[in-house]
Amino acid sequence: MNHFSPTQEQKFRLISIPISHFCEKARWALTKLQVPYVEEPHMPPFHSFATGRVGGKTTPVLVTKKEVFTDSTEILKYLDKIAPANAKLYPTDPELRRQVEELENLFDEQLGPAIRLWGYFGVMNDQKLMRRNWCHNAPFVEQALFPIVFPFMRKLACQKLNINPESAAQAHEQIKSIFEKVSELLADGRNYLVGDKFSAADLTFAALAAGAVSPPEHPMKKPVETLPTKMVSEIKQFQATPAGAYVLRLYRELRRENYSGS
Ligand SMILES: N[C@@H](CCC(=O)N[C@@H](CS)C(=O)NCC(=O)O)C(=O)O
C-alpha cells in the first residue's frame, strides 16, 4: 500500500547523476518507502546547473514542496521522519540508532569514495563505457554534448578525485577492508547489520557497495562481461565474500521498483 499520495506537482524531485551510488542510495530509500518522485537525470557537469539552481552542488538532491536536501544521508533522515512507524530506516532505540549512524557514516565517508575511485579507474579510459555510464536517461542535448565535454571532464575528474594507479590500488584495499569488517559483523548469522530489521546501514552498504558486486537487480546494471577483465575478476572476488553475498541478497530480496516487503 502506498503511504503517500501527492498530486503530480507535489511529487518530490530527485536530481541525479543516475550512475552515482549516492543517488542509488536515495532512490532505494524513496522506492522502499513508496514515496512518489520524479527523477531528473543529468550527465556531469550539467547536473551542477540543476543542483545549483536549488542551492546544492553534488547529487543526489531531493526537492520537496517546502525543502531541499543536498546530501544522501539528509535525504534518508528526512524520508525517515515522514515514514510510517513500521517502515522506519533508523531504529528508535538510541543505542541501535547510534550503531546504524556510525556504519552509515563509515560507508558514506570511506566506502563510497573508494568504490568511486576504483570504479572510475577501471573504466575512465573507455569512452564507450563512460558514455553509457554518464548519458543514461540524460536530456538529449547533454547526451549530444558528451563527445565534446568528455575529454575535459575526464581530465577534471582524474584531478579532482586523484585517480591514478596507486590511488586505485589503495581504494581497492580500502574496499576489501570494509568488506572484511561487514563480513565479520555477519559472521554470527545475523540477518541485518544492526538489530533485527533492515535499516539505513544495510541500505547504504548495499547501494554504495553495488559497484564492486554488480547485483543483477541494480537499476543501472551493466553487463559485467563488457567491463575490463581485471575489474571482472575483482568483482567476482568481492561477490565471493560474505559481505558481497549480503549485497547480492539485499538486492535480490529487497530492491524492488514497487516495494512491498517488510
Ligand atoms: N556526501 C554526498 C556525496 C555525494 C557525491 O559525492 N555525489 C557525486 C556523485 S557520486 C557528485 O554529484 N559529483 C559531482 C560533483 O562533485 O559535482 C552525499 O551523500 O550525497
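1. Met 130 is buried, at a relative accessible area of 0%. Buried here means under 20% relative accessible area, with a 1.4 Å probe and protein chains only. The model is predicted: local features need pLDDT of at least 70, side-chain atom pairs count only at pLDDT 80 or more, and totals for chains, interfaces and linings use all residues. Residues are numbered from 1 along each chain as its sequence is written, and side-chain values use heavy atoms, without hydrogens or water.

2. Helix α5, residues 127–135, holds Met 130. A helix is a DSSP run of H or I, at least four residues, numbered from the N terminus. Leaving out residues up to four places away in sequence, Met 130 touches Tyr 120, Val 123, Met 124, Cys 135, Phe 146 and Phe 150. Contact means heavy atoms within 4.5 Å.

3. Glu 173 is 43 residues from Met 130 along the chain, and their C-alpha atoms are 24 Å apart.

4. Now the ligand. Residues around the ligand include Ile 17, Phe 22, His 47, Asp 71 and Lys 160. Each has a heavy atom within 4 Å of the ligand.

5. Which side chain has an N or O atom 2.6 Å from a ligand oxygen? That is Ser 72. Arg 116 also places a side-chain N or O atom 2.9 Å from an oxygen atom of the ligand. Polar contacts are pairs of N or O atoms within 3.5 Å.

6. On its own, the ligand has 510 Å² of accessible area, and the protein covers 79% of that. These areas come from the Shrake-Rupley method with a 1.4 Å probe.

Conventions
Helix = DSSP H or I, 4+ residues; strand = E, 2+ residues; numbered from the N terminus. Buried < 20%, exposed > 50% of the residue type's maximum accessible area, 1.4 Å probe, protein only. Polar contact = N/O pair within 3.5 Å; in protein donor to acceptor, adjacent residues only side chain to side chain.
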